[in-house]
Each structure stands twice: as C-alpha cells, then as structure tokens.
Amino acid sequence: MNSLIGNGIGKRKRASGVLNHGGRGLNILTDAGDLWVLDSDDVDPDLLGHRVTAEGILAGLDRLSLDWIGEASS
C-alpha cells in the first residue's frame, strides 16, 4: 500500500476551530486540540481569532490545502 494513501493524504477534510497565525502560517486549532496548518494566503484577515470551518485536501499529516473557509455558525 502506498504510504501517502495510508496516511489519508489527498483525501478531503473539514476542520472547525479557531483561526490563528503561527510560525508555520495560518492554522486552525480545534476543540480537540488538533492543529491544522492551512495552505492558503487568501484568507480574510477579519477571521483571525474567530471560530471557522474550513475544507480542503490533506496535503500532509497536519496540512490542509484549502478550498474554502468561513466563519462557523454558532
């Protein structure tokens, strides 16, 4: 089995949590404590510090190639 497929890389992922800017770029910290680094610079800066939902393709073990992001509904 290809190790990339076994790790889920290339599959779709949806993550919700707080959008932050860290040392590796934009990221989402989920309520479960998972940290997802986002591959996109095209994110509304007004979303920083807010709860968001994002969806994209897994590009690494903790990296999401972003398709879309928006403020999470409460």
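Q: What makes Glu 55 buried rather than exposed?
A: This is a predicted model, and in it Glu 55 has 15% relative accessibility. Buried means under 20%, so Glu 55 counts as buried.

Q: Why is Arg 14 called exposed?
A: The cut-off for exposed is over 50%. Arg 14 comes out at 52% relative accessibility, so the label is exposed.

Q: What makes Arg 14 and Glu 55 a salt bridge?
A: Their side chains meet with N to O at 2.8 Å, and the rule asks for within 4 Å, so the pair counts. As for where they sit, Arg 14 is in strand β1 (residues 12–22) and Glu 55 in strand β4 (residues 51–58), 41 residues apart.

Q: How do you know that Asp 62 and Arg 24 form a salt bridge?
A: Same test: the closest N and O atoms are 2.8 Å apart, with the limit set at within 4 Å. Asp 62 lies in the loop between β4 and β5 and Arg 24 in the loop between β1 and β2, so the pair ties together parts 38 residues apart in sequence.

Q: Why is Asp 62 called partly exposed?
A: Its relative accessible area is 26%. That falls between the buried limit, under 20%, and the exposed one, over 50%, so Asp 62 is partly exposed.

Q: What makes Arg 63 and Asp 39 a salt bridge?
A: N to O is 2.6 Å, and within 4 Å is what's needed. Arg 63 is in strand β5 and Asp 39 in strand β3 (residues 35–39).

Technical notes
Residues are numbered from 1 along each chain as its sequence is written. This is a predicted model: local features need pLDDT of at least 70, side-chain atom pairs count only at pLDDT 80 or more; totals for chains, interfaces and linings use all residues. Side-chain values use heavy atoms; hydrogens and water are left out. Helices (H or I, at least four residues) and strands (E, at least two) are DSSP runs, numbered from the N terminus. Buried means under 20% relative accessible area, exposed over 50%, partly exposed in between (1.4 Å probe, protein chains only).
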